[in-house]
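Here is a walk through one protein model, going from a single residue out to the helices around it. Have the viewer open and follow along.

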Amino acid sequence: MKRIDRRCGGRPRHQLSPAPRLLLLLSALLLQLPIQPPAPVQSSPLPDPCPPEQAAHPLPPPLPEGTSPAPGSPAGTGTAPDSYRHRLRSTPHGWARRDHWCVWVEPGSSEGPAARWDRRWSDAVQAALAEWSGLLPLTQVDEPERAQVRVLRRRPPLRGGRASHGRAELALRQVQRGGLWRLEPLVVVHVSPDQRQEATQATALHELGHAFGLWGHSDDPGDAMAGVPGPVPVLRLSERDRTTLRWLQRQPELSPEHPPDGETPQGLSGTPAVEGSPHRDPTAD
Ligand SMILES: [Zn+2]
């Protein structure tokens, strides 16, 4: 009977095959070499998705009141029954949309008699943001200068003698972040704290829709972006809201290549600050 030495796979112990022999040689060589400490792993920090702005130059108001969609804008080229994209307006620099938004929400009091009401307002705004965040990459930031959307806990100022509970105002700006200049929307959103929580949430959902680029109104009261809201506050995005936003997100972002009146971005450094107030929103409440 053949004896098998299991430690060597059945071969006599001293007869190594070429491969193990080579390994032994290499090991012997390596033992002669000084031991090098392992190179430290370079942990590259993730890029900040919302860097602070270093400088900014405003552009003239992108959507003077009463303007129609920009010529050639896809939104003006017919209707789509499953969306209201034909009712949206772009800016002279293209669609005021982004692949990723940084959002700042005005903090409320954490103590004192106002804290309870401030928390209700915050909860309503956060619920509205959560609804949009299912469709859009959003990052909430603690400093307004990191954000393209700034949500204020305030009733909008009267406009033309009319009061409203919500308003979104768009300005286009050349902004420097991380050393790079880029054309960005800046949207200031007012959401009044003087409403019931559900109404506040519906207002926030609607105004945030404008902020994220839906500059227009649906004609269906079941949509969050309805121009004339129905009797029941809309707290969830409808399929038409979602389809419209998905369509918008497929459009090109803002581009400084066609500045109005032949201005170049470089020539804007001396431009006085002009905040656009493109959007009249009388029915957000
Ligand atoms: Zn509106």
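Setting aside neighbours within four places in sequence, L248 is in contact with L88, W95, R97, G213 and L214; a contact here means that the C-beta atoms of two residues, placed from the backbone, lie within 7 Å. L248 sits in helix α4 and counts as buried, because it has 22 C-beta neighbours inside 10 Å. As for the cut-offs, 20 or more other C-beta atoms within 10 Å of a residue's own make it buried, 12 or fewer make it exposed, and anything in between is partly exposed, with C-beta atoms placed from the backbone. The C-alpha atoms of L248 and R98 are 9.5 Å apart, although 150 residues separate the two along the chain.

Before going on, some housekeeping. This is a predicted model, so local features need pLDDT of at least 70 and side-chain atom pairs count only at pLDDT 80 or more, while totals for chains, interfaces and linings use all residues. Numbering starts from 1 along each chain, as its sequence is written.

**The chain as a whole**

The protein chain has four helices and six strands, where helices (H or I, at least four residues) and strands (E, at least two) are DSSP runs numbered from the N terminus. Read from the N terminus, the order is α-β-β-α-β-β-β-β-α-α. Of the 285 residues in the protein chain, 34% are buried. Among contacts with a separation of 6 or more, 74% are between residues 24 or more positions apart.

**Back to α4**

Helix α4 covers residues 239–249, and its buried residues are R240, D241, T244, L245 and L248. Looking down the axis of α4, these buried residues fall within an arc of 130 degrees, so they line one face of the helix; the arc is that of the directions from the helix axis to the C-beta atoms. Helix α3 (197–211) is included in what covers them.

**α3 and α2**

In α3, twelve of the 15 residues are buried, so this helix is largely enclosed by the rest of the structure. The buried set is T200, Q201, A202, T203, A204, L205, H206, E207, L208, G209, H210 and A211. The cover over these residues includes α2, β4, β5, β6 and α4. Following α3 comes G213, with a positive phi near 115 degrees.

Helix α2 (residues 115–133) buries W121, A124, V125, A128, L129 and W132. Those residues cover an arc of only 135 degrees around the axis, which puts them on the same side of α2. The face turned away from that buried side carries the exposed residues A115, R116 and A130. What covers the buried residues of α2 includes β2 (101–105), β3 (138–140), β4 (149–152), β6 and α3.

| Helix | Residues in helix | First to last C-alpha | Expected span |
|---|---|---|---|
| α2 | 19 residues | 26 Å | 27 Å |
| α3 | 15 residues | 20 Å | 21 Å |

How do they pack? On the α2 side the contact is made by R120, W121, A124, V125, A127, A128, L129, E131 and W132, and on the α3 side by Q197, T200, Q201, A204, L205 and L208.

Not counting residues up to four places away in sequence, L183 touches H93, L172, Q174, L254, S255 and P256. The C-alpha atoms of L183 and R173, ten residues apart along the chain, are 5.6 Å apart.

G178 lies in the loop between β5 (166–177) and β6 (180–191). With 11 C-beta neighbours inside 10 Å, G178 counts as exposed. C-alpha to C-alpha, G178 is 9.9 Å from P47, and the two are 131 residues apart in sequence.

Definitions and conventions:
The expected span of a helix is 1.5 Å times one less than its number of residues.
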